[in-house]
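Reader: Could we go through this model together? I would like to begin with the terms.
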Amino acid sequence: MNRRHALSRVAWMVGGTLSAPTVMAFLEGCKSGSETQSILFAVTDDQRAIIDEIAEIIIPATDTPGAKDAKVGEFIELMLKDCYYPKEQQSFLKGINDLADKNFLKLDPEKQTALLTEAEADAAQQLEQTGKDRAAAKEAGRPFDEPGVPFFRLLKELTLLGYFTSEPGATKALAYLPIPGRYDGCVDLEPGQKAWAL
């Protein structure tokens, strides 16, 4: 399976849309450290714990493994370090630091969820405003400097991407055939059947 096909499958799983930086990270492949300045990107143990906790809130362990079981936090950190530009890295770190300032890990689950719901709404507003600013710049014939992807949008994308491309996500949460058989284009779905893994 080529990278473009894999990306289209993951995009379908996460609701059909991925941000431009995530698409570019897949289509261009990972950059050298000098191109992304990844040497400057690092997360602390506290930030790493927040990333792990948020990923687990997004995909909790149930009868299938959760995000922590799939080591999604490590995936997010590696992707941001090696495949994203400083603009996205800084946007991400700012969002994590904002949550750290609010003692995210010490809050009860309801307050954690409320903060994440607020972060998701803020991300949607930022994306809407970016769209308006982009359209205004185009209409005025001036260049537009794209801002970094909002923190929660990027975190959610990378959580879903990391989980559904991990071994636990692909083999336990999705239907998985290690050696696929013949192609059947028209197969009846059983009640409660899982989506197929990439």
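Author: Buried means under 20% relative accessible area, exposed over 50%, and partly exposed in between, with a 1.4 Å probe and protein chains only. This is a predicted model, in which local features need pLDDT of at least 70, side-chain atom pairs count only at pLDDT 80 or more, and totals for chains, interfaces and linings use all residues. Residues are numbered from 1 along each chain as its sequence is written, and side-chain values use heavy atoms, leaving out hydrogens and water.

Reader: Is Phe 164 buried or exposed?
Author: Phe 164 counts as buried because its relative accessible area is 18%. Phe 164 belongs to helix H8 (residues 151-164); helices are DSSP runs of H or I with at least four residues, numbered from the N terminus.

Reader: How far apart are the C-alpha atoms of Phe 164 and Ala 67?
Author: They are separated by 9.5 Å, although the two residues are 97 apart along the chain.

Reader: Turning to Gln 112, where is it found?
Author: Gln 112 is in helix H7 (residues 109-140), and its relative accessibility of 6% makes it buried.

Reader: And which residues is Gln 112 in contact with, neighbours within four places aside?
Author: Those are Glu 53, Ile 57, Phe 104, Leu 105 and Leu 107, where contact means heavy atoms within 4.5 Å.

Reader: What is the mean pLDDT of the chain?
Author: The mean is 83, and 79% of the residues reach 70 or more; pLDDT is the predictor's confidence in each residue, from 0 to 100. Confidence is lowest in helix H3 (residues 33-36), with a mean of 48, and highest in helix H4 (residues 45-58), at 96.

Note on methods:
Helix = DSSP H or I, 4+ residues; strand = E, 2+ residues; numbered from the N terminus.
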